[in-house]
Amino acid sequence: MGIGATSLSLFFILFLLPLALPPTIIAVVRNHPHKAPIILVNVFGGLFYGLGWVVALVWCFITPNENNREKESNAEALEKLHSLLEKGAITKEEYEVQKQRVLQPQPHDDERQHRPAEQ
């Protein structure tokens, strides 16, 4: 009885476990921004007829686009500019130009595409 249980455990560890973990491995290797939820869906969702494994596998290949990523706030941008000015990396004039660019409201990409070109 001990030999059967040992061989079954060995079979599980060597063959079935590696088949269950690719979504987790892919998410970790690609440093996916949502790797923790992917791992949880993979492990716990895989217990429900493998549906979580499929969801995690698809999710690990989908990365958020640039528009969905958190953007730098104006305050952080101004702090960086001021730091560059203090270090002497940019001149006062360059600082003022860049500061105005940060402080001016930028139209969304959708608005720029639909607005007629100014001449």
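Predicted model: local features only at pLDDT ≥ 70, side-chain atom pairs only at ≥ 80, totals over all residues.
Colleague: How many helices and how many strands does the chain have?

Modeller: The count is seven helices and zero strands.

Colleague: What share of the 119 residues counts as buried?

Modeller: Burial is judged by relative accessible area, with buried meaning under 20%. In this chain, 13% of the 119 residues count as buried. The accessible surface comes to about 9,900 Å². Carbon and sulfur atoms hold 64% of that surface.

Colleague: What share of the contacts links residues 24 or more positions apart?

Modeller: Take the contacts with a separation of 6 or more. Of those, 39% join residues 24 or more positions apart.

Colleague: Now the helices. How do I describe two that pack together?

Modeller: Two packed helices are described by the angle between their axes and the distance between those axes.

Colleague: Which residues meet where α2 packs on α3?

Modeller: From α2 come Pro23, Thr24, Ala27 and Val28. From α3 come Lys35, Ile38, Ile39 and Asn42.

Colleague: Let me pick Thr24. Is Thr24 buried or exposed?

Modeller: Thr24 is in helix α2. Thr24 counts as buried because its relative accessibility is 13%. Leave out residues up to four places away in sequence, and Thr24 touches Ile39 and Asn42.

Colleague: Next, charges. How many salt bridges does the structure hold?

Modeller: Two. To call one, check that a side-chain nitrogen of Lys or Arg is within 4 Å of a carboxyl oxygen of Asp or Glu. Glu96 and Lys92 pass, with their closest N and O atoms 3.5 Å apart. Glu96 and Lys99 pass too, at 3.4 Å.

Colleague: Where do Glu96 and Lys92 lie?

Modeller: Both are in helix α6, residues 92-103. Glu96 and Lys92 are four residues apart, about one turn of the helix. Glu96 and Lys99 also both lie in α6, three residues apart, again about one turn. Shared partners join Lys92, Glu96 and Lys99 into one network.

Colleague: Why does Glu96 count as partly exposed?

Modeller: Partly exposed covers values between the buried limit of 20% and the exposed limit of 50%. Glu96 counts as partly exposed because its relative accessibility is 28%. Lys92, at 47%, counts as partly exposed as well.

Colleague: Last feature. Which residues make the nonpolar surface patch?

Modeller: The patch residues are Leu8, Leu10, Phe11, Phe12, Ile13, Leu14, Phe15, Leu16, Leu17 and Leu19. The patch is about 1,000 Å².

Colleague: Where does Leu16 lie?

Modeller: Leu16 lies in helix α1, residues 2-20. A patch residue needs over 30% relative accessible area. Leu16 has 41%, so Leu16 counts as partly exposed.

Note on methods:
Residues numbered from 1 in each chain as written. Heavy atoms only, no water. Patch = residues over 30% accessible without salt bridge, like charges linked within 9 Å, V, L, I, M, F, W, Y side chains within 5 Å. Areas by Shrake-Rupley, 256 points an atom, 1.4 Å probe, with all protein chains shown as cover. Helix = DSSP H or I, 4+ residues; strand = E, 2+ residues; numbered from the N terminus. Buried < 20%, exposed > 50% of the residue type's maximum accessible area, 1.4 Å probe, protein only. Contact = heavy atoms within 4.5 Å.
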